[in-house]
Amino acid sequence: MATPQQIQDLQNTFEKAQLASAHAVSSSPNQSFLQRQFESRQKETKQLKPFATEDIKVLLLENVNQTAIDIFTEQGYQVEFHKTSLGEEALIEKISKVHAIGIRSKTKLTEKVLAHAKNLVVIGCFCIGTNQVNLEYAASKGIAVFNSPFSNSRSVAELIICEVIALARQLGDRSIELHTGTWNKVSAKCWEVRGKTLGIVGYGHIGSQLSVLAESLGLNVLYYDVNMIMSLGNSKQVATLNELLSKSDFVTLHVPETAETKNILSTPQFAAMKDGAYVLNASRGTVIDIPALIAALKSGKLAGAALDVYPHEPAKNGAELFTNELNPWISELVSLRNVILTPHIGGSTEEAQSAIGVEVGTSLTKYINEGASTGSVNFPEVSLRALDLEKERNTVRVLYLHQNVPGVLKTVNNILGNYNIDKQFSDSQGDIAYLIADISGINNDEIQSLHDQLSDTPYKISIRLLY
Ligand SMILES: NC(=O)C1=CN([C@@H]2O[C@H](COP(=O)(O)OP(=O)(O)OC[C@H]3O[C@@H](n4cnc5c(N)ncnc54)[C@H](O)[C@@H]3O)[C@@H](O)[C@H]2O)C=CC1
Ligand SMILES: O=C(O)CCC(=O)C(=O)O
């Protein structure tokens, strides 16, 4: 367990990183953004609160880490926590009442579910993947989505290293045999990994970290990626997936779930691999054609496989859940030799989960309290510095999300122009645009009128006022 001091340190680190990346997208002619942030840290900052909403309610599913619960409760938010994900009906019922939801990889936030989320302002994916959320639809409803892009990468990379050796030594089979009383001391078809070739498909955060670990074990590393990426150590990028398949002893997948990666390994790709090669997948279940993998294992073309992810996964822990009812080929898969099956635990370590809790918890809090969308995966990244408690007591922060069409800013600034616009920053991404403006010298009794005027503007997606 992380100590409170470690959690505080992590939170400070994430906040600093957010400030640094905000600097990258802001423009400041006179004074560095970071310098001003530093100075504002020396002063007492104004704690903004939302106008015209009830207390912030947060729904946390899938056993999101305690570090996130602590961050939200410290803010005074009302937190409802569930260890599992929820079925569609229960999810629709619950999501209609909350302002924020935290999930991991299993909760499906589809258009149908999100259509009922009438108060929702932000979604936290306490993981890397965001394929479980309809990101475009969420943006069109004014709901920002945040994730944790790399806090569990090391954990996944370490699991793969462990499985590469375990497959080469048939460790899973030997262990199952001995658990059931069979002594089977063999060396046939058991190998050292030194000098073998690991082929990494997807050389992003996980793939590249894995590359470094693998080389330290004496493996040669090849990788294939749709982008040209600088190789680490002595690893080499290859031009085609087929080249990687034909040269690798182990092939491991670290790509996101997209239309292009669906069944990226299927019958022709298994045929292109070396005889006796191994396949590993800890990315998403849809990227491998599993019936084709079963056929390649049964025929002896492949010597083993390690799978952490599946097209359909149970919503909770328990016995009798990993059955053919979930995926029709499960009984065949579990009967195969030298196949390591794990229940989507690539990122499931104490270190990763507490870091993710702090990172995503902090992003959500900063978005709810300050409107900062830095790090969002479906919004333009916009933020303004915190307000000074003394000097900016009567300042209201306007958070205005709108369709990205010409003329909107003119309309909005006609309204804001009736007050003193201290500063504003806006950016767009695809069909949506986001404006943050600090309006000073405004009395509390004028806020409702400002809210009403902005609410009536055409092309508005959502508006929040913080004061
Ligand atoms: N098993 C688990 O518990 C976990 C699984 N994951 C999964 O791992 C995936 C990868 O994670 P990261 O490395 O952090 O992602 P990343 O975004 O840093 O890297 C993905 C890489 O795949 C490449 N890519 C995309 N499409 C490709 C294609 N068609 N062919 C070849 N390369 C392609 C990208 O260019 C990128 O370099 C995540 O999307 C997530 O689904 C992530 C964390 C934990
Ligand atoms: O830990 C989890 O629930 C999901 C991990 C994962 O697949 C991810 O981070 O994308």
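How far apart do the end C-alpha atoms of residues 397-467 lie, and how much of the span is helix and strand? The ends lie 6 Å apart, and the span is 30% helix and 46% strand, where helices (H or I, at least four residues) and strands (E, at least two) are DSSP runs. This is a predicted model, in which local features need pLDDT of at least 70, side-chain atom pairs count only at pLDDT 80 or more, and totals for chains, interfaces and linings use all residues. Residues are numbered from 1 along each chain as its sequence is written, while chains are lettered from A and ligands numbered from 1 in the order in which they are written.

**Confidence**
- The mean pLDDT (the predictor's confidence in each residue, from 0 to 100) of the protein is 91, with 88% of residues at 70 or more.
- Residues 17-41 have pLDDT below 50.
- Where pLDDT is low, the predicted coordinates should not be read in detail.
- For the complex, the predictor gives an ipTM of 0.99 and a pTM of 0.88.

**Domains**
- The assignment, automatic or from a database, gives domain 1 (43-152 + 349-379), domain 2 (155-341) and domain 3 (382-466).
- The C-alpha centres of domain 1 and domain 2 are 32 Å apart.
- Eleven residues of domain 1 are in contact (C-beta atoms, placed from the backbone, within 7 Å) with nine residues of domain 2.
- An unreviewed UniProt entry lists residues 397-467 as "domain: ACT", an annotation that may be inferred rather than shown by experiment.

**Ligand 2**
- The residues around ligand 2 (C-beta atom, placed from the backbone, within 6 Å) are Arg104, Ser105, Cys127, Ile128, Gly129, Asn152, Gly347 and Ser348.

Definitions and conventions:
Contact = placed C-beta atoms within 7 Å.
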